[in-house]
Amino acid sequence: MEPLPLPVTTKQETKTNTKTKNNEEETKHARTTRKNSNKYRKMLLGLGFWIQGFRCYPWMAVVFFLKDGLRVDPSTMQILQNSANFPMVAKPVYGLVSDSFYVNGQHRVPYIAAGAFLQAISWFAIASLPSSTISFFTITIYLLLSNLGASIVEVANDAVVAECGKEPSNTSDLPSFAWVAGSIGGVLGNLAGGISIERLSPRTMFLFFGILLTIQFLITVSVSEKSLDLPKSSSTHGIKKQLSELLSVLQKPEIYKPISWFAASYAIIPALGGTMFFYQTQHLKIESSVLGISKVFGQVAMLLWGFVYNRYLKSIPPRKLISSIQLTMAVLMASDALFVTGFYRTMGIPDSLYIVIISGVLEVSYFFKILPFSVLMAKLCPPGCEGSLMAFVMSTIALAFIVGGYLGVALASYVEVTDTDFSGLRKGLLIQAVCTVVPIFWSSFIPETPKVETEKKEE
């Protein structure tokens, strides 16, 4: 029996088979590259946002150090806390610089490392200050330096999230991942802070956080930006050009309207955080561990919020969702007004339980709006100015918080609240609640269904 003839392979078939094999290899290589880049992105951003969330740990020590060590009053404490945030207002400058100036071919990772380094220096300096030289002025200077470093890190991290948000597969995932990482850092920071504040000195807590920042710095400098596989930027290098592009973007109604609303929705609320802290510790004699647990509960709520938003709420129109959050904040503030009158105490609810649950949620509810708004701005942000635009957004929020903090000092003075007299606190909280409702009346500035800028350009 004769053997069957072998199939004849033509040159065209050979060429096609080779091309198919090459395409499969390229696809496999691209898939592997994408997997590795996602791993490095999440490692860098996860660490960065976790450390930023953990910043509440040394700041808890700062608050008690100011009250018990320097003997400041509620208004002075609130002025310092808000004034220390001024470096956050300059975020657009950091964004323009990171968008325009590359360091060894990198324009995100070097700025994250530099910000971590500045923070480490500031906390090490505070920890090593001799008792004879500690003053309100010196600690303010070092806290300003710490927030300068923190703002640089946040700008670079936000820019990476915005850049990666241009990829359809990561548009909602990466912002939520960053949110969760920051929330976990906040949970652990507040939990550790509540425990440490009764067992360790503030200096030891500052030193420990400085060590964490040093670890972040060392890990960050070991990461190459090429491994992140960031989308190619279409912007031309040069700060003038970048500034021109930013100003051009900010002239678009779909950009400046939601930003202006978002900033105003914070600035119009007079913050009474310092006054409430003194009311809880001085008047109600609430222990620091309870306040720590309250902050932990709030951070857990933020963590859950990240999961709930990503799974159930991201499809809700931004205007409806953000307005609902604003209204919820007002309701919780009105509840605080009932709390200071002893209403919940008459219902058998202990003050400590209310502070842990309701006060904990209210404190973080200010930040619930940031996640959906960040996703909204990532969609609206044109390619090439992610760093500068997201930095501008964050700076307006920082400035709004500062304005709200100063308004809170003025409101506390108006209702005549001091560190020993809290009779006017109920009135102040009701005014605060009313101010929180007001922005809802012009929520039309927030788009219902944003269009992605890259899609416009493709059309």
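Let's start with Glu 363. At 39% relative accessibility, Glu 363 is partly exposed. That term covers the range between buried, under 20% relative accessible area, and exposed, over 50%, using a 1.4 Å probe and protein chains only.

A word on the model. It is predicted, so local features need pLDDT of at least 70 and side-chain atom pairs count only at pLDDT 80 or more, while totals for chains, interfaces and linings use all residues. Residues are numbered from 1 along each chain as its sequence is written, and side-chain values use heavy atoms, with hydrogens and water left out.

Back to Glu 363. Its partner is Lys 295, in a salt bridge with the closest N and O atoms 2.8 Å apart. Glu 363 sits in helix H16, residues 351-368, and Lys 295 in helix H13, residues 288-313. The two are 68 residues apart, so this pair links distant parts of the chain. Helices here are DSSP runs of H or I, at least four residues, numbered from the N terminus. Lys 295 is also partly exposed, at 27%.

How many salt bridges are there? The count comes to four. The rule is a side-chain nitrogen of Lys or Arg within 4 Å of a carboxyl oxygen of Asp or Glu.

Next, Arg 319 and Glu 448. Their side chains meet in a salt bridge, 3.5 Å from N to O. Arg 319 is in helix H14, and Glu 448 is in the loop between helix H19 (425-437) and helix H20 (453-458), so the bridge ties together parts 129 residues apart in sequence. Arg 319 is partly exposed at 23%. Glu 448 is partly exposed at 32%.

Now Asp 351 and Arg 345. Here the salt bridge is 3.1 Å, N to O. Asp 351 counts as buried, at 15%. Arg 345 is partly exposed, at 41%.

On to Lys 67, in helix H2, residues 56-69. Is Lys 67 buried or exposed? Buried, at 11% relative accessibility. Its side chain makes a polar contact of 3.5 Å with that of Gln 282. A polar contact is a pair of N or O atoms within 3.5 Å; within protein, one must be able to donate a hydrogen and the other to accept it, and residues adjacent in sequence count only if both atoms are side-chain atoms. Beyond four places in sequence, Lys 67 has contacts (heavy atoms within 4.5 Å) that include Val 72, Met 77 and Phe 277.

Last, Ser 335. It belongs to helix H14, residues 318-340. Ser 335 is buried, at 11%. Leaving aside neighbours within four places, Ser 335 touches Tyr 344, Tyr 354 and Ile 358.
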